[in-house]
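I opened this two-chain entry to go through it by eye and by number. My notes follow in the order I looked things up.

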Amino acid sequence: MNCDIVPIIPLGIVGLGAVILMMLAAFEKIHLEVAAVFSMCVFALAFVMQLLPTGPSDMAPYSELFRGMLVTNGFTKVAALIILACGFFTAMSSTSYFRQNSFCTLEFYCLLIFSVWGMLLLTMARELITVFISLEIFSLCIYVLVGYNRRSATSAEAVLKYLMLGAFAGSFFTMGTALVYGAVRSTGFAAIATFIAENGFLETPALVGGVFFILFAFLFKIAAFPFHAWVIDVYDGASVPVTGFMATALKTAIFAVLVNFLSLDAGLKGAWLDILFYITVFTLFAGNLIAIGQSNLKRMLAASGIVHTGYLLIAVIAVGDNALSGNIILFYLAAYAASTLGIFASLSYLGGQDEKRCSFDDFKGLAKVRPYSAAAITVFLLSMAGIPPTAGFMGKFYIITTAFQSGQALLAVLGIVSSILSMWYYLRLIIAMYFHEANEPFEIEASPFAPICTLILAACVFAIGLYPMVI
Amino acid sequence: MIIDYLVLSIILFCLGIVGVISRRNVFTVFMAIELMLNAANLAFIALSRLHESMDGQVLAMLVMAVAAAEAALALAVVILLHKHTGKLDTNVFSLLKG
């Protein structure tokens, strides 16, 4: 077998699956739940294919055809695995969600698969215009998914806000690419790295300006401090499975490309370290302050997503030259994805019709009525708060020890402080579930998918935590 | 000569930023975003002339394709909003206060 094709197979499967499902949707030949199972199969097959060995070092598949625009290595492979798993569990929990909410059509699953395709391409992209195009592929899909409930005025507003700000950031990215092209004569990562190695980074103003615009766009997409305000409204307006998908898969893809971009050259990263330091500190504390003030669960989870972006930025700053540091980011992303997807999966079957249960008070006494669901939610919350022996604890532990080792002691201490602050809003939900009497029966429509999904993810939280050496 | 094109491109980009920030009509905001993308296209083409290579022109074509897709989606969103509120002024959208 030609080994160039192995890293491309998952992309091919996901793209083909999306096109087939779109064709079927055009003729309305299949039932909604069949489409959900079909997309789960596509993700599972791509996941298995992604596990095929390709060797740990950098490899450019079909380098004559793609001119080195796509590069795979161990890092991109694991990032793609996380994204595929996010897609799988999102499709799984949407089936239960759409038993109680009726605005779903077959195109929902097409868009989900297409956005995963864009994210997979983004993790491999080593050329700025390829990055831009894959960024827009999944952004356009997610804009539609956010506004999918056409009857809801809230989700229409959310998609307007997201589209306006997303396109604004996208145009900054294009302008940044133009400036980099002006300085370097090329938009390939390899050419940029060679150029910086020869001429230095700060000596070329056009390059500095271009990289500034590009980082602006990335920081917007991961909702870092000055650009975090949109995330809360957009997560609130989107439906529960879509929110879970955005919070996990999108963040994984953007962090993968951010790490690839910043690790081009030590000079490029060194020039932004001070600014990134302040952005990280403000991201951690702004996220915590916003989360403490929320009474709506989805808004609280959105704000806590900002805090997790902060931890990941600590890891990005502390990343050294060794490959281990990239693994720490992936480990944290996997741990965060398992617990966040788990919470959103349980919300998607406990939320009830039209997401009527959405605040802390609505979940009072859940443990008395549905003890297993309450226990699973507790596991996810403890993992997000970073309590041993969950995966979240191991992730935070690695990030903070790396920060200490690379001399960022202040950042490590602030990370611990913010972790303690975040207990406030995670424990609040646990207290509401366990120490209050139940006011309502929490009836749910029978669909086994989301509860099974919750169970698997709860097991994943412990598995990732107990076997940290897997990644 | 080519510097003039780059200056024009930066002026257009700044006009776009001002438009996004100061205008309240949804259409005008999307037009301002298109202006920003086209400013980048102008820079690509001017720089491709400067470097005497065709790369920049190809990149400009790709950006135009993406911009068209985004405009199609933006118009769909505008119709959706108009159905809900009957107005296109961003001030009337206040259900989500972040």
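Which residues of helix 17 of chain A are buried? I found Ala391(A), Gly392(A), Met394(A), Gly395(A), Lys396(A), Tyr398(A), Ile399(A), Ile400(A), Thr402(A) and Ala403(A). My cut-offs: a residue is buried if 20 or more other C-beta atoms lie within 10 Å of its own, exposed if 12 or fewer, and partly exposed in between, with C-beta atoms placed from the backbone. Helices (H or I, at least four residues) and strands (E, at least two) are DSSP runs numbered from the N terminus.

**Ground rules.** This is a predicted model: local features need pLDDT of at least 70, side-chain atom pairs count only at pLDDT 80 or more, and totals for chains, interfaces and linings use all residues. Residues are numbered from 1 along each chain as its sequence is written, while chains are lettered from A and ligands numbered from 1 in the order in which they are written.

**Confidence.** I checked pLDDT, the predictor's confidence in each residue, from 0 to 100. Chain A averages 88, and 97% of its residues score at least 70.

The peptide bond from Pro388(A) to Pro389(A) is cis, with omega near 5°.

What does Tyr332(A) touch, beyond residues up to four places away in sequence? I listed Tyr311(A), Leu312(A), Ala315(A), Gly395(A) and Ile399(A). Contact here is C-beta to C-beta within 7 Å, with the atoms placed from the backbone. Gly395(A) and Ile399(A) are also on my list of buried residues in helix 17 of chain A. Tyr332(A) is among the residues with the most contacts inside the largest nonpolar core, along with Ile82(A), Ile83(A), Ile113(A) and Ala315(A). That core has 218 residues. Helix 7 of chain A supplies its largest share, 19 residues. By nonpolar core I mean buried Ala, Val, Leu, Ile, Met, Phe, Trp, Tyr and Cys residues joined through C-beta atoms within 7 Å.

**Chain A overall.** I counted 19 helices and zero strands. The radius of gyration of chain A is 21 Å, close to the 23 Å from the globule rule for 471 residues, so chain A is as compact as a globular protein of that length. The radius is taken over C-alpha atoms, and the rule is 2.2 Å times the number of residues to the power 0.38. Buried residues make up 61% of chain A. Of its contacts with a separation of 6 or more, 80% join residues 24 or more positions apart.

**Chain B overall.** Chain B has three helices and zero strands. Its radius of gyration is 17 Å, well over the 13 Å of the globule rule for 98 residues, so chain B is more spread out than a compact globule. The C-alpha trace spans about 50 × 25 × 20 Å along its principal axes. I get 33% of the residues of chain B as buried.

**Where the chains meet.** How many residues of chain A are in contact with chain B? I count 32, against 31 residues of chain B. Helix 7 of chain A gives the most to its side, with 17 residues. The chain A side divides into 19 nonpolar, seven polar and six charged.

Arg185(A) has phi of about 75°. I placed Arg185(A) in the loop between helix 7 and helix 8 (189-199) of chain A. Arg185(A) counts as partly exposed, with 17 C-beta neighbours inside 10 Å. In chain B, Glu52(B) has phi near 55°. Glu52(B) lies in the loop between helix 2 (26-51) and helix 3 (55-85) of chain B. With 7 C-beta neighbours inside 10 Å, Glu52(B) counts as exposed.

Notes
Two residues are in contact if their C-beta atoms, placed from the backbone, lie within 7 Å. Ala, Val, Leu, Ile, Met, Phe, Trp, Tyr, Cys and Pro count as nonpolar, Asp, Glu, Lys and Arg as charged, and the others, Gly among them, as polar.
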